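Me: I have a structure open and want to go through its chain contacts. Can you take my questions one at a time?

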Protein chains: 12
Amino acid sequence: MATTHGKVYRKTELVGTSDTGFDDAVRHAVDRARKTLRNIEWFEVKEERGKLSGGGIEYQVTLEVGFALEDTMTP
Amino acid sequence: MATTHGKVYRKTELVGTSDTGFDDAVRHAVDRARKTLRNIEWFEVKEERGKLSGGGIEYQVTLEVGFALEDTMTP
Amino acid sequence: MATTHGKVYRKTELVGTSDTGFDDAVRHAVDRARKTLRNIEWFEVKEERGKLSGGGIEYQVTLEVGFALEDTMTP
Amino acid sequence: MATTHGKVYRKTELVGTSDTGFDDAVRHAVDRARKTLRNIEWFEVKEERGKLSGGGIEYQVTLEVGFALEDTMTP
Amino acid sequence: MATTHGKVYRKTELVGTSDTGFDDAVRHAVDRARKTLRNIEWFEVKEERGKLSGGGIEYQVTLEVGFALEDTMTP
Amino acid sequence: MATTHGKVYRKTELVGTSDTGFDDAVRHAVDRARKTLRNIEWFEVKEERGKLSGGGIEYQVTLEVGFALEDTMTP
Amino acid sequence: MATTHGKVYRKTELVGTSDTGFDDAVRHAVDRARKTLRNIEWFEVKEERGKLSGGGIEYQVTLEVGFALEDTMTP
Amino acid sequence: MATTHGKVYRKTELVGTSDTGFDDAVRHAVDRARKTLRNIEWFEVKEERGKLSGGGIEYQVTLEVGFALEDTMTP
Amino acid sequence: MATTHGKVYRKTELVGTSDTGFDDAVRHAVDRARKTLRNIEWFEVKEERGKLSGGGIEYQVTLEVGFALEDTMTP
Amino acid sequence: MATTHGKVYRKTELVGTSDTGFDDAVRHAVDRARKTLRNIEWFEVKEERGKLSGGGIEYQVTLEVGFALEDTMTP
Amino acid sequence: MATTHGKVYRKTELVGTSDTGFDDAVRHAVDRARKTLRNIEWFEVKEERGKLSGGGIEYQVTLEVGFALEDTMTP
Amino acid sequence: MATTHGKVYRKTELVGTSDTGFDDAVRHAVDRARKTLRNIEWFEVKEERGKLSGGGIEYQVTLEVGFALEDTMTP
């Protein structure tokens, strides 16, 4: 059975935070990922939590971010 | 044991999308369901994901939408 | 690798209700499915909940009902 | 907060079967879906089981198949 | 093996609701918790659902809220 | 973003038991909850187990019971 | 660190069936277990399903049954 | 169908902490529960986490603790 | 409530392995089960893993295999 | 597609107990398994619970223990 | 309690793709991992999905790949 | 909706091992992470397993370790 050569992706797990809400926490994590990773293509929300201090709320969202692996990257 | 006649509901699974955030993606799915389904009563969020392209984020939310089955509908 | 032609089934998700109990709620959902679907063969219980009002209990059971797809049905 | 108009998808749950293996069972379910549904775009494997009879194995795979909802479809 | 004396927390499960969205529903549950509980420190989102009636959406979010147990509180 | 004032609910986790069956065990837990809690509105079944002793069966069902929080209740 | 000698239990997984309902299906599995196993002490419900044929329902319940291991039993 | 009167239990969710390990964190949560709750009978581990600061580890274990409800207790 | 006499099944958990792929690993486990168990009727895939050594892959699949309990078998 | 002959394993589910802690409860279950089973190779922790009575704690750990099936063993 | 020095492993999450099937998608991910990682020892399948376009199927498998951490690697 | 700038964290998945027990296996994984990662702040236990060989037990614990991402790190 010959082996064809399909694309391979990696997922990395990030936690974004925000004082505003979960959508904004997603944006922070995605913006950070874009700074140092090329080829990011999708994310999946794994968990939503929050830290409560004073009268405020810190929204925290855990994402898995997927990106195409280039040939020289370490998976 | 006699059988009483309780109401029966159906759930259908939809994915709403939005460039703005998850709440907005929920609204899109619900608005679409309302166009062709009567009696929708509740939804449950099953998954939140997103597509990343260019500098943008497409928020994607998977919902199960519940509605009362009328007598002539196919479940 | 030739493709053989196996049977294909569809599952649809229903919620049955009853004032008596969960077994009865299952019967309501199954009876309703039988009215408009041929070929139903099995079900799987996904969730059991209830609504409490006055002194009563409405038992609610979520089922996935499986049936053989005929050639002209929309999956 | 204005509502933008994102695409909406539906998922339907199918069970494909095969005497050969799980990949082939996936193909059967996908081939069947393509006959009566336009716009199918992805699937997710939910469960793998099998029926054993005589000396044979019937592989069974449960898939959720996603497709873009057109304006006149019932979700 | 001597027993050291670590802090103990309790979690309580709340459901917040809102006509606006899930972030707002979180704020309602947190605001309510702050009225009668001291020391709340974090929350975890367990479920997101909604009720559909008329043309509106009631967003519902189930949270577990964690707080430090004081000596005289009943866990 | 102004905060509207949505209703807040609490869930408490109970285990009902019965020598007769699971529906009856649900009734015991619900009856007990009604004695000291006002406003209970729904329950969710989390687990079903049983204790076996002599020739008998003690059915045990774990429920989360939801009720509207009044202003002076501790969540 | 010395090892104390605690009791050890085994769990075995059974599926009981009934034409009447899930409680009855539990009794069938438990009755069968009692015929050839001593010391059974508890069970946990893992799954509830059913087979539909003709106008009837066969209720199926999967249980894990726990029992104390005697010295000469094979785990 | 007459209703028999089975015992009812409540579960409450606690987080114990320790600098030593998870068993010790369990003991802290159990010791605290015993101070203000009578009748506690069992616990279930739901989650194990830890906080890392300086060179140390704070072990954190989330437990559900079950106890028999007396007649005058609020569930 | 009279007790009817339904069939009882047992499930046993096996891990099949193969150098070729997951379908083949399923066949190995099923073939082995057939050597010493009569009446096997179905299986459910619980997990897929693999061992990597040298340049090869050992595919490993965990199955639960169900079979009808005969009267003299130990469950 | 020829069938190669891979090794087959079985998993059995045990509950170990200890007055000392979870590691010790694991050792009890493993020690018991070694008395009557050859070839045990690994275990997986499925659940951690405890029984509370008097001032003590009985730690309970549910394990799946895996072992290579010999030719004459019943799976 | 003295600390012994056990081996430490890391897991990384990859998605392999193939036009042929899931086994082949696993091989692509494993082959890619072997190019830039030494010491990979096992993998666990986390998810199976597919993309449907034209008449074809792109099989996608998400794996966690485990490898021994050497002293100078960043976990 | 302006984007505020929240902190972003990454999680990496490690497996610690020990001949002594799970707490010790946690320490090994944490000690290893501290050698090459700054800013590690918390961990979550994902799985506990063990390898059995000779008369010994190798305890294995899978952790996700969270740490603050600095500006120049690759997520």
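**Chain contacts and a buried glutamate**

Reply: Start with I:Glu64: leaving aside neighbours within four places in sequence, I:Glu64 is in contact with G:Glu13, I:Lys11, I:Thr12, I:Glu13, I:Trp42, I:Phe43, I:Glu44 and I:Lys46. Contact means heavy atoms within 4.5 Å.

Me: What should I know about the model and the numbering?

Reply: This is a predicted model, in which local features need pLDDT of at least 70 and side-chain atom pairs count only at pLDDT 80 or more, while totals for chains, interfaces and linings use all residues. Residues are numbered from 1 along each chain as its sequence is written, chains are lettered from A and ligands numbered from 1 in the order in which they are written, and side-chain values use heavy atoms, with hydrogens and water left out.

Me: Where is I:Glu64 placed?

Reply: I:Glu64 is in strand E3 (residues 56-68) of chain I. Helices (H or I, at least four residues) and strands (E, at least two) are DSSP runs, numbered from the N terminus.

Me: Why does I:Glu64 count as buried?

Reply: I:Glu64 counts as buried because its relative accessibility is 7%. Buried means under 20% relative accessible area, exposed over 50%, and partly exposed in between (1.4 Å probe, protein chains only).

Me: Next topic. How many residues of strand E1 of chain D are buried?

Reply: The strand, residues 8-18, is mostly covered, with 11 of its 11 residues buried. D:Val8, D:Arg10, D:Thr12, D:Leu14, D:Gly16 and D:Ser18 point one way, D:Tyr9, D:Lys11, D:Glu13, D:Val15 and D:Thr17 point the other way, and all are buried.

Me: Which strand of chain B is joined to E1(D)?

Reply: Strand E1 (residues 8-18) of chain B is joined to E1(D) by 4 bridges, and the two run antiparallel. Two strands pair if DSSP finds at least two bridges between them. B:Gly16 has D:Val8 as its bridge partner in E1(D).

Me: And which strand of chain C pairs with E1(D)?

Reply: Strand E1 (residues 8-18) of chain C pairs with E1(D) in the antiparallel sense, over 4 bridges. There, C:Lys11 stands opposite D:Glu13.

Me: How many bridges join E1(D) to strand E3 of chain D?

Reply: E1(D) is joined to strand E3 (residues 56-68) of chain D by 10 bridges, again antiparallel. D:Tyr9 stands opposite D:Ala68 in E3(D).

Me: Switching to A and L. How many residues are in contact?

Reply: Chain A has 21 residues in contact with 20 residues of chain L. The two chains bury about 1600 Å² between them, 49% of it on carbon and sulfur atoms. A:Glu13, A:Val15 and A:Arg32 supply 35% of the area that chain A buries against chain L, more than any other three residues. Buried area is the accessible area (1.4 Å probe) that two parts lose on being put together, summed over both.

Me: How many salt bridges between chain A and chain L?

Reply: The count is 2 salt bridges. One of them is between L:Lys11 and A:Glu47, with the closest N and O atoms 3.9 Å apart. A salt bridge is a side-chain nitrogen of Lys or Arg within 4 Å of a carboxyl oxygen of Asp or Glu.

Me: How do the strands E1 of chain A and chain L pair?

Reply: E1(A) and strand E1 (residues 8-18) of chain L pair in the antiparallel sense over 4 bridges. A:Leu14 stands opposite L:Arg10 in E1(L).

Me: Now E and B. How many residues does each chain give to the contact?

Reply: Chain E gives 15 residues and chain B gives 13 residues. About 1100 Å² is buried between them, and carbon and sulfur atoms give 51% of that. On the chain E side, E:Glu48, E:Arg49 and E:Leu52 lose the most area to chain B, together 47% of what that side buries.

Me: How many salt bridges does the rule find there?

Reply: The rule finds 1 salt bridge across the interface of chain E and chain B. The side chains of B:Glu44 and E:Arg49 meet in a salt bridge at 3.9 Å, N to O. B:Glu44 also stands opposite E:Arg49 in E2(E). Strand E2 (residues 40-53) of chain B and E2(E) pair in the antiparallel sense over 3 bridges.

Me: Last one. Which chains do not touch?

Reply: Chain B and chain J do not touch, and their nearest C-alpha atoms are 25 Å apart. No contact joins chain A and chain D either, with their closest C-alpha atoms 14 Å apart.
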